[in-house]
Amino acid sequence: MPKDHGIGASSKRREDARFLTGKGRYTDDINVAGQAHVAFLRSDVAHGRINGIDTSAAEGMPGVLRVFTAKDFEGVGGLPCGWQITSIDGNPMQEPKHPILADGKVRHVGDPIAAVVAETAAQARDAAEAIVPDIETLPAVIDMKAALAEGAPKVHDDLTSNLCYDWGFVQENKEAVDKAVAEAAHVTTLELVNNRLVANPMEPRVAVGDYALHSDESTLYTTSQNPHVIRLLMGAFVLGIPEHKLRVVAPDVGGGFGTKIFHYAEEAFCTFAAKELQRPVKWTSTRSEAFMSDAHGRDHVTKIELALDADNNFTAIRCQTYANMGAYLSTFAPSVPTWLHGTLLAGNYKTPLIYTNVKAVFTNTVPVDAYRGAGRPEATFQLERVIDMAARELGVDPVALRRQNFITEFPYATPVAVEYDTGDYEGTMTKLLAMIDRDGFAERRRQSEANGKLRGLGINCYIEACGIAPSQLVGQLGARAGLYESATVRVNATGGLVVMTGSHSHGQGHETSFAQVVADMIGIDEGQVEIVHGDTANTPMGMGTYGSRSLAVGGSAMVRATEKIIAKAKKIASHLMEASADDIELKDGKFTVAGTDKELAWGDVTLAAYVPHNYPLDEIEPGLEETAFYDPNNFTYPAGAYACEVEVDPETGKVDILAMAAADDFGNVVNPMIVEGQVHGGLAQGIGQALLENCAYDADGQLLSASYMDYAMPRAHDMPMFQVDHSSQTPCTHNPLGVKGCGEAGAIGSPPSVVNAVIDALQSGGHDVRHIDMPLTPARVWSAMNAAK
Amino acid sequence: MYDFTLTRPTTIADAVSALQGEDAQPIAGGQTLLPTMKARLAQAETFVSLTGISEMRGISAADGVLTLGGGATHATVAREAAASYPALASLAGRIGDPAVRTRGTVGGSIANNDPSACYPAGALGSGATITATGPNGSREIAADDYFQGMFATALEEGEIITKVAFPIPEKAAYEKMLQPASRFPLVAVFVAKYADGVRVAITGASTDGVFRWSEAEAALSGDFSPAAIEGLTPPSNDMISDLHGTPEYRAHLCKVLTARAVRSAQ
Ligand SMILES: Cc1cc2nc3c(=O)[nH]c(=O)nc-3n(C[C@H](O)[C@H](O)[C@H](O)COP(=O)(O)OP(=O)(O)OC[C@H]3O[C@@H](n4cnc5c(N)ncnc54)[C@H](O)[C@@H]3O)c2cc1C
């Protein structure tokens, strides 16, 4: 019987009523009395020297309060980078300055040059158009390998080159890996591009800066996945405002997918200008601005080699990646191709030797940072593609080849620095095969062929590291932040609870699933629990939501705080019932004394805590409010097996996805419906990357896909019905809920299934196509088929 | 968007005279114009809305001709022309999404002549006659003379399209391969078989905008079957090269889609 409440129940998302009826309160819904508006003048060239900026005409335009350029930010810090990578030679990465407004040079199309604050948004925009920048266009570097060539134009004149870092991992293994590859019975080599993506959350970014003269306090309302992180970065590194004088509020957030983790220039600008002008200052991004100012994702160029012995056991993996950083280092950019990528190269397999080299490169493009999955999709894609290719070269079944190499014993220490606590890869593969009727595929293929179509089946596995992350470990790896999470549980006198969490929902349904956890622990109705998040003024310092960490880390903090509440409530109950605290049980919202018929309701005890007339005041304080911080001691490792079945029209190259199945192991599941929703969304984005989405620049650094006319977002129409299963559950061993996280899985696991399926289809039609780079548009598929003729 | 004044005449005569004003431009469904205005790429002192002119909205079929008012929306055509000219109704019914079809108009599409728009293929493929009304009255322009290259037409300053007359063919079909992002045609082909011959109009493919593939027309006029064009080399009219397809791919699609249109023509 499925549960109807508490942990394991598909409780309806309580936030949806307001989201679906237009009653959400997003940042753009916030208007502060007296607010002015800012418009940014952005560079229309990818690389250029600023010889001057004539703002005089703009200053005289109607409604203009002030025009800002870089010179107004002297003494103000640049945007900081939160992660430092060390190169093979022991040097720290090259870390360029990242000014709020372009200083001396513009470095990508969209780089803000000047900002106009005016009474209305239209006036600000009119005046921004009247600014005359004198920019001398410089040759742009767009291609990563060209950017590293001798004599290439430099994105940052004060750096030695366009190389941010040259990272080797695990460097001590390099020689052994080289040797294993040289001596292998078979080596499969694959060169590929992991395509650049634009996150495109439905809600564009917004910032409203406000300053209160009477208290000398600044407030920033912003579209953020992690308001505390923004407060720390902007306060301490950019504007020099101590945390107690700075409040950051992120109300309802309409999707983020990673791109709303980072601290952006517009946030700092609005906060700074509000104080300068003593007026609230608001910025709402247009969709066009979003394309050229939201951090992009992916953009790796990789060569991977898989070495096998004569019995088809994997013996080594060698990988070389060029990772695009764009023009500046976005907040967590350096960590994505390194610690979120290199550490996942073992996948689900017991490959004993792995070495990866990552060269991070500056180019005249929008900065690149974490996007749903961040590093893990790139690792999974190359690994699962090269395995499929090896199976084809060796003439063995791709599923059998995977199964033969599965890790089967846990805990398992990979050769790439992480230890998987639990997993059952055979289990999810078996589930998957039961879902897709693989035996019937040959017949389905025959039917497609009869209709002039090619049919293909792609199967793959994935693993990811979630529940980010143990602070001590990431500190050693270069993180400049801790990655714990926090919760304060406040019980009110009449028994209702307010849980204040440092996590923040940008669509994941925390208000529902978090309430389920706390209500279940106490045995009360979910409606008694309110989740509060998104405001640094009323939540404990937390690191926010990304890396599928909210339930695994934030939920764990909540469990710990609730445990403290229960322990204290039992003490109060033991006093009231004159029994030993050890004998008190709490179940279904009732306190009982073992072996007696004594009983107290939850509300009786909470009332006593706040009306302590009969209360052990000499032993415990009145009140019922507890805070806990939880720092995990390992990542969590969700894993699974995915399959995709496609039909390709050989005349046009068009790919139709007929079926997509996902068998995931997320450990324990709190709300199955929410988990399914997360997987569906991830699959849609993975299919988007595989078939449709492509952020493309021309050689001069102009963004070719700068609107939805050219950037193809996945639509419902492009999706098959999804089959998802998460009944394979090996609980995480090190967090109290046994949960692993599910937010990114779909986007990680699905791109290789789609591409494997298309290659399978083309091969079945006699086209010797080994690989096609994503997105597999009709034009690309057709060209590949023709090239292979 | 820049500031502008909107006028809403209710007759063609009033619209034509409003367009005589300084820096005035017609706006119909706004499905091309509004996004351009929002991006500040289009601007006019006065926009003259054509949506309130009922005499421009009619649809009628008589004597083998389907006549659409210049202001007829895609949704109306999809619905009301389905019986008389199913291939054209199907073309209209596949433009954009329901919101676009509810606002967008025949006149707007043909006036704009986007190199990837659908209606130009329907009009050229049907040998339609476009009625343009201006300060000097109305004149009729044959589709063959009307489409003059990407975004270029025979319309004069101050003229509006008030009517488009489509001779109804024996058989016709519209085959559209979607550009994955915009869902405009990547390439689309309109094939129409008349008693005196076959017309093949192709959109989305050429930098010169919509064009007729005369070799295919000749072959199909003799034998209206996919086999008739098998031996032809695809047209080579300055094919568009962009993110979504190479010139070779577009040329290839011209042929594939023509064959498919012939196969599905009814
Ligand atoms: C999301 C989306 C998807 C679309 N997909 C497609 C598609 O698949 N295929 C396709 O063909 N189109 C597509 N369109 C365009 C759509 O068909 C437009 O409606 C059409 O191109 C313009 O018609 P309109 O009435 O909206 O004209 P407007 O946008 O109002 O005007 C367009 C231009 O024509 C002028 N104009 C308008 N009416 C007249 C007239 N009667 N006489 C003279 N000049 C006039 C205007 O001054 C302007 O220059 C799409 C549009 C959108 C927004």
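## Reading the model, step by step

Analyst: This is a predicted model. Let's start with the ligand. An oxygen atom of the ligand is 2.9 Å from an N or O atom in the side chain of B:H74.

User: Which residues of the shell come nearest to the ligand?

Analyst: There are 30 residues around the ligand, and B:P26, B:G30, B:L33, B:T105 and B:C118 come nearest. By type, the shell has 15 nonpolar, twelve polar and three charged residues.

User: Which element gives the largest share of that shell?

Analyst: Helix 6 of chain B, with four residues. Strand 2 (24-27), helix 6 (106-112) and strand 8 (160-167) of chain B each supply at least two.

User: Next, domains. How is each chain divided?

Analyst: The assignment for chain B gives domain 1 (5-49), domain 2 (56-167) and domain 3 (171-264). The centres of domain 1 and domain 3 of chain B, taken over C-alpha atoms, are 34 Å apart. In chain A, a domain can take two stretches of sequence. The domains there are domain 1 (16-22 + 484-630), domain 2 (31-138 + 205-284), domain 3 (139-192 + 297-408) and domain 4 (421-464 + 636-789).

User: How far apart are the C-alpha centres of domain 3 and domain 4 of chain A?

Analyst: They lie 20 Å apart. The contact takes 34 residues from domain 3 of chain A and 40 residues from domain 4 of chain A.

User: Is A:V399 buried or exposed?

Analyst: Buried means under 20%. A:V399 has 2%, so it is buried. A:V399 lies in helix 10 (residues 398-405) of chain A. Leaving aside neighbours within four places in sequence, A:V399 contacts A:M429, A:L433, A:R438 and A:I459.

User: And A:H296, buried or exposed?

Analyst: Buried, because its relative accessibility is 0%. A:H296 is in a loop, between helix 8 (287-293) and strand 13 (300-308) of chain A. Beyond four places in sequence, its contacts include A:R196, A:F291, A:D369, A:C695 and A:Y697.

User: How do I read a contact between chains?

Analyst: List the partners, then look for polar pairs. Take B:H244, in the loop between helix 9 (214-222) and helix 10 of chain B. Not counting residues up to four places away in sequence, B:H244 touches A:M709, A:D710 and A:A779 in chain A, and B:Q179, B:P180, B:A181, B:L186 and B:Y249 in chain B. The side chains of B:H244 and A:D710 make a polar contact at 2.8 Å. B:H244 counts as buried because its relative accessibility is 9%.

User: A:A779 sits in helix 19 of chain A. Which residues of that helix are buried?

Analyst: In helix 19 (residues 778-787), they are A:P778, A:A779, A:V781, A:W782, A:A784 and A:M785. Their cover includes strand 26 (639-648), strand 27 (655-665) and helix 18 (745-764) of chain A. Strand 9 (171-178) and helix 10 (247-264) of chain B are also part of the cover.

User: Last topic, the backbone. Which peptide bonds are cis here?

Analyst: The general rule is that most peptide bonds are trans. Among the cis cases, one joins A:F410 and A:P411, with omega about -5°. A:P411 is in the loop between helix 10 and strand 16 (412-413) of chain A. Another runs from A:M774 to A:P775, with omega near 0°. A:P775 is in the loop between helix 18 and helix 19 of chain A.

User: What about phi at A:D588 and B:R183?

Analyst: Most residues other than glycine have a negative phi. A:D588 has a positive phi of about 50°. A:D588 lies in the loop between strand 22 (584-587) and strand 23 (590-593) of chain A. Its relative accessible area is 57%, so A:D588 is exposed. B:R183 has phi near 60°. B:R183 is in the loop between strand 9 and strand 10 (185-194) of chain B. At 22% relative accessibility, B:R183 is partly exposed.

Definitions and conventions:
Residues numbered from 1 in each chain as written. Chains lettered and ligands numbered in written order. Predicted model: local features only at pLDDT ≥ 70, side-chain atom pairs only at ≥ 80, totals over all residues. Heavy atoms only, no water. Buried < 20%, exposed > 50% of the residue type's maximum accessible area, 1.4 Å probe, protein only. Contact = heavy atoms within 4.5 Å. Near = heavy atom within 4 Å. Polar contact = N/O pair within 3.5 Å; in protein donor to acceptor, adjacent residues only side chain to side chain. Nonpolar A, V, L, I, M, F, W, Y, C, P; charged D, E, K, R; others polar. Domains from an automatic or database assignment.
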